[in-house]
Amino acid sequence: TMSSGPGTPGKAAGSPLPAGRKRDSVGLPAHPIIKDIGEIHSRLLDHRPVIQGEIRYFIKEFEEKRGLREVRVLENLNTMIYETNDQILPKCEQVMHGDLNEVLKRCKQEAICSEFNTRL
């Protein structure tokens, strides 16, 4: 017959462990302790979940800030285009027409002067 001591494997009378379960030296089931050690190890030494969370947070923040920055850049470009079309281009056109008229007058004067000089 089997003795029913704490270190004896198998299910003995009054033992809460199923057959095949082992006890540690204190008399507690070994499996929950190993499981607890694994959980403690993963919480203390396995930083992957924390790092992955931080990475997700950084990417989210980066994309949001980048998205806002790109919207501001596009708004600034849109404003610049409107200002260019409404103010700068008409002013440039006026200056160009004025300068071209002045050049045309000078060219006509030069042509008249050169024609007059060739007749002399």
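1. Basis of the note. This is a predicted model, in which local features need pLDDT of at least 70 and side-chain atom pairs count only at pLDDT 80 or more, while totals for chains, interfaces and linings use all residues. Residues are numbered from 1 along each chain as its sequence is written, and side-chain values use heavy atoms, with hydrogens and water left out.

2. Confidence. The protein chain has a mean pLDDT of 78, and 75% of its residues reach 70 or more; pLDDT is the predictor's confidence in each residue, from 0 to 100. Over residues 1-15 pLDDT stays under 50, and the model has 11 contacts beyond four places in sequence for this segment, a contact being heavy atoms within 4.5 Å. Where pLDDT is low, the predicted coordinates should not be read in detail.

3. The protein chain has two helices and zero strands, taken as DSSP runs numbered from the N terminus (helices H or I, at least four residues; strands E, at least two). Helix α2 covers residues 48-119. Of the 120 residues in the protein chain, 2% are buried (buried is under 20% relative accessible area, exposed over 50%, partly exposed in between, with a 1.4 Å probe and protein chains only). The accessible surface of the chain is about 11200 Å², and carbon and sulfur atoms account for 61% of that surface; areas come from the Shrake-Rupley method with a 1.4 Å probe, and for residues only the protein chains shown count as cover.

4. Salt bridges. Arg106 pairs with Glu102, with the closest N and O atoms 3.7 Å apart. Arg106 counts as exposed because its relative accessibility is 55%, whereas Glu102, at 39%, counts as partly exposed. Glu70 and Arg66 form a salt bridge at 2.9 Å, N to O. Glu70 and Arg66 are four residues apart in helix α2 and therefore about one helical turn from each other. Both are partly exposed, Glu70 at 38% and Arg66 at 39%.

5. Aromatic pair. One aromatic pair is found in the whole structure. Phe58 and Phe62 are stacked, at 6.2 Å centre to centre and 15° between the planes (rings of Phe, Tyr and Trp, the last by its six-membered ring, pair with centres within 6.5 Å; planes under 30 degrees apart are stacked, over 60 edge-to-face, the rest tilted). Phe58 and Phe62 are four residues apart in helix α2, which means about one helical turn between them. Phe58 is exposed at 56%; Phe62 is partly exposed at 43%.

6. Nonpolar patch. Phe58 and Phe62 also belong to a nonpolar surface patch with Ile51, Ile55 and Ile59, with about 500 Å² of accessible area together. Patches take residues with over 30% relative accessible area and no salt bridge, joining like charges within 9 Å and nonpolar side chains (Val, Leu, Ile, Met, Phe, Trp, Tyr) within 5 Å. Ile55 lies in helix α2 and is partly exposed, at 45% relative accessibility.

Technical notes: Salt bridge = Lys/Arg side-chain N within 4 Å of Asp/Glu carboxyl O.
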